[in-house]
Amino acid sequence: MMANGFPLKNCRAVITGASSGLGAEFARQLAPQAATLVLVARRAEALDAVKKELLGFPALIFCCVVDLATDVGRNEVLAFLDAHGLNPNLLINNAGMGDYGSFASSTTEKTRTQLELNITALTMLTHAVLPMLERPGGVLNVSSLASTLPMPNLAVYAASKAYVTSFSEALAVELAPQNITVTCVCPGPTPTNFSKTAKRADGTDTNREGQGLLRISPQRVVAEALAALQQGRACVFPGAGVAIASLFFRLMPRGLMRLLLLWRHGKE
Ligand SMILES: NC(=O)c1ccc[n+]([C@@H]2O[C@H](COP(=O)([O-])OP(=O)(O)OC[C@H]3O[C@@H](n4cnc5c(N)ncnc54)[C@H](OP(=O)(O)O)[C@@H]3O)[C@@H](O)[C@H]2O)c1
């Protein structure tokens, strides 16, 4: 336990990447208890569809259509909060993307977008929102099981998520005395649009061997993440399989890890 935990009742949350997958599910699970939800993503229609689903709940729902991979888009989020007089007490940094395939054959554009979205947007948005975050406050960062090990053919993504986990753990300590709970959720493979976005135009996909044992639903990932935030836990690996795998990866000697990665990579 790092902090007292964040109470979800009547929360005022900003959720990035809320137009699909885990972000949309955060909105669904928060809507029955939240006062305000600000849904952020690029696709206006997809955000509107999530908003329509949630109209029966008391939460006021706003859609903020921006590209978080740009400085302009990130500033637009802040301007949106200001223009609507919104004072969030919870920031969910969920938007993120991957890129399947070798680093050498990746495009500079997709690599740059990944870094901008997974690292820069999460960091700069947190920095900008912290001064306006009402207390008790919460920051929930979506990392990945991939943050616990280097991943050939998903190298930039895994490294970006190692950043997210490390950054979140440090902030959890820094902000606990200020009554701000920081929780990092590290999901394993979860059925969302993630793979569709991560696949390359030439069809390059990832090796899914062993993933079946780790896969759980987006509903369960989000429920475990919100429970951890409420309990003031700094980091959570949803699902028993993912929790065990993460322990295994984190405790494994680096030499053995390299041998395993070489063996698995050789089969791709
Ligand atoms: N699914 C998995 O297996 C898995 C496992 C571990 C961690 N994660 C993490 O979970 C998080 C959510 O991903 P997901 O699995 O739910 O995938 P997803 O269904 O592809 O959702 C990604 C969300 O991010 C938004 N997004 C992408 N680029 C954006 C941009 N430039 N600006 C603003 N929003 C942007 C997308 O909306 P628009 O396209 O409308 O912009 C979408 O709402 C990510 O951080 C991912 O790394 C996923």
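Which backbone N or O atom lies 2.9 Å from an oxygen atom of the ligand? I looked this up, and the atom belongs to Thr190.

A note to myself before going on: this is a predicted model, where local features need pLDDT of at least 70 and side-chain atom pairs count only at pLDDT 80 or more, while totals for chains, interfaces and linings use all residues. Residues are numbered from 1 along each chain as its sequence is written, and side-chain values use heavy atoms, with hydrogens and water left out.

I then turned to side chains, keeping to polar contacts (pairs of N or O atoms within 3.5 Å). Arg43 has a polar side-chain atom 2.8 Å from a ligand oxygen. For Thr192, I found a polar side-chain atom 2.6 Å from an oxygen of the ligand. Taken alone, the ligand exposes 880 Å², and the protein buries 95% of that (Shrake-Rupley method, 1.4 Å probe).

**The shell.** I found 29 residues around the ligand, and Asp67, Asn94 and Tyr157 are among the closest (a residue counts if one of its heavy atoms lies within 4 Å). The shell divides into 13 nonpolar, twelve polar and four charged residues; Gly counts as polar here, and Tyr as nonpolar. Helix H1 (21–30) and helix H5 (155–175) each give two or more residues to this shell (helices are DSSP runs of H or I, at least four residues).

**A helix pair.** Last, I checked H3 (residues 71–83) and H4 (residues 108–129), whose axes come within 10 Å and cross at roughly 30 degrees (axes are lines fitted to C-alpha atoms, with angles from 0 to 180 degrees). H3 is therefore roughly parallel to H4, a term for angles under 35 degrees.

Definitions and conventions. Polar contact = N/O pair within 3.5 Å; in protein donor to acceptor, adjacent residues only side chain to side chain. Parallel < 35°, antiparallel > 145°, perpendicular 65-115°, else oblique.
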